[in-house]
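Good morning, everyone, and thank you for making time for this.

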Amino acid sequence: MKDPTRPPVVPEIEGLLPYIPGKPVDELKRELGLTRAVKLASNENPLGPSPLAVEAMREALAELHFYPDGGAFYLKQRLAEHLGVQPSEVLVANGSNEALELIVRTFRWPGCRAVVSAHSFIVYKMASIAANVIVDEVPMTPDLRFDLEAMAERIGDETRFIFLANPNNPTGTWFDRASLVRLLERVPPDVLVVLDEAYFEFVEAPQYPDGVALWREYPNLIVLRTFSKCYGLAGLRIGYGVLSSALNRYIDRVRAPFNTNLLAQRAAVAALGDDDFLARSIAHNRRTLVQLTDGMRRLGLHPVESVTNFVLVELPRPAQEIFEALLERGVIVRPMGGYGLPYHIRVSVGLEEEIGEFLSALGDVMTERRR
Ligand SMILES: *Cc1c(COP(=O)(O)O)cnc(C)c1O
């Protein structure tokens, strides 16, 4: 007989907190009586989507009665060319979020564990816990960098995954090639190293490692990238990964047959060829990142040095309070309480005038209280 007192979900699911999305910008404007709002909360590309991608989608609209190509043939082919790998070594997914979920669901063992860093991308934890993988969280260094030595130290007999973001969200910090190689040399072959390079295109630091270039030497390495950030296609949900064909074949057994949609596949192929848009996005980011960090410093703050399209900064008051005060002024940022940083906000790079509005609103909010 069924036990009527049995809870509807296992304790692991019960303990998860749902991801809380921000309100739609239009709704916020209506509620607060604002005529305009500046959204610097999700690390989106302020220049919009790649124009070549938009054009490709317009052309694809008449084909939407067809299912997408379940094997993403052309996209995998273009990505393989672009990355110098074989199409069979490319995974495409409904955002790198889905890639993370697929990896955990496909390769988990009963009772296995995942090593993650504190103050790192929350999806590593969410995807692991939802698949009954036990998470071991390693503290960061005091300057908010991954402590790769401590993470390697934490690997035990049951460890199956280690999740690295380079650069990391929400800190904007990164690690160099030598540190990554040292870690890869130490990791046992049955531990999968998931290296998330969502902000790869923006990074200009000379010692920054290209995971795909390293990948062939380490068959347990999986490198993830996305079209959501520099390519400006966050709303389409399309990301990709590079991994051994042997691993990829297992992913193919688990993933839904049509996990990426037709428009996203076409747009991604076109975006890969839009060098002009990519160059403009990178140049814009280089300029506005300086504008944003310098502006924060002028307000007496100490932003964490970032190589991405966002900046993490500690505030003199709880971040939630400042977040709400900024919201009333029509500026949306991300308070970092959920990432274990209750005094920090994360601010994405926007257009120059948007950053100007944010800085002036933050200045107002900070002086108001001091009075
Ligand atoms: C934004 C981001 C992603 C991208 O996720 P998508 O699902 O591809 O939109 C992945 N990893 C990190 C660390 C990110 O910040």
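This is a predicted model: local features need pLDDT of at least 70, side-chain atom pairs count only at pLDDT 80 or more; totals for chains, interfaces and linings use all residues.

Let us begin with the ligand, and with a simple question: which residues come nearest to the ligand? There are 13 residues around the ligand, and of these Asp196, Thr226, Ser228, Lys229 and Arg237 come nearest. If we sort the shell by class, we find 4 nonpolar, 6 polar and 3 charged residues, and if we ask which element gives the most to this shell, it is helix α5, residues 95–107, with 3 residues.

For Asn169, a polar side-chain atom lies 2.7 Å from a ligand oxygen, while for Lys229 the corresponding distance is 3.3 Å. In the case of Arg237, an N or O atom of the side chain is 2.6 Å from an oxygen atom of the ligand.

Now to the nonpolar cores. The largest nonpolar core has 90 residues, and the members that touch the most other members are Leu75, Leu79, Phe161, Ile162, Phe163, Leu164 and Phe227. Helix α11, residues 262–272, supplies the largest share of this core, with 7 residues. Apart from this core lies another one, of 30 residues, which includes Phe323, Val333, Ala361 and Met366. To look at one residue in particular, Leu75 touches, among others, Val92, Phe227 and Ile238, leaving aside residues up to four places away in sequence.

My next stop is Asn166, which is found in the loop between β5 (159–165) and α8 (177–186). Is Asn166 buried or exposed? Its relative accessible area is 0%, and therefore Asn166 counts as buried. The side chain of Asn166 reaches the backbone nitrogen of Phe175 at 2.8 Å, and, again not counting residues up to four places away in sequence, Asn166 touches residues including Trp174, Leu195, Asp196 and Tyr208.

Finally, please turn to helix α13, residues 319–328, where Ala319, Ile322, Phe323, Ala325, Leu326 and Leu327 are buried. As a reminder, an α-helix has 3.6 residues a turn, so residues three or four places apart point the same way. Just after α13 comes Gly330, which takes a positive phi of about 80 degrees.

Terms used:
Residues are numbered from 1 along each chain as its sequence is written. Side-chain values use heavy atoms; hydrogens and water are left out. A residue is near a molecule or strand if one of its heavy atoms lies within 4 Å of it. A polar contact is a pair of N or O atoms within 3.5 Å; within protein, one must be able to donate a hydrogen and the other to accept it, and residues adjacent in sequence count only if both atoms are side-chain atoms. Helices (H or I, at least four residues) and strands (E, at least two) are DSSP runs, numbered from the N terminus. Ala, Val, Leu, Ile, Met, Phe, Trp, Tyr, Cys and Pro count as nonpolar, Asp, Glu, Lys and Arg as charged, and the others, Gly among them, as polar. A nonpolar core is a set of buried Ala, Val, Leu, Ile, Met, Phe, Trp, Tyr and Cys residues joined through side-chain atoms within 4.5 Å. Buried means under 20% relative accessible area, exposed over 50%, partly exposed in between (1.4 Å probe, protein chains only). Contact means heavy atoms within 4.5 Å.
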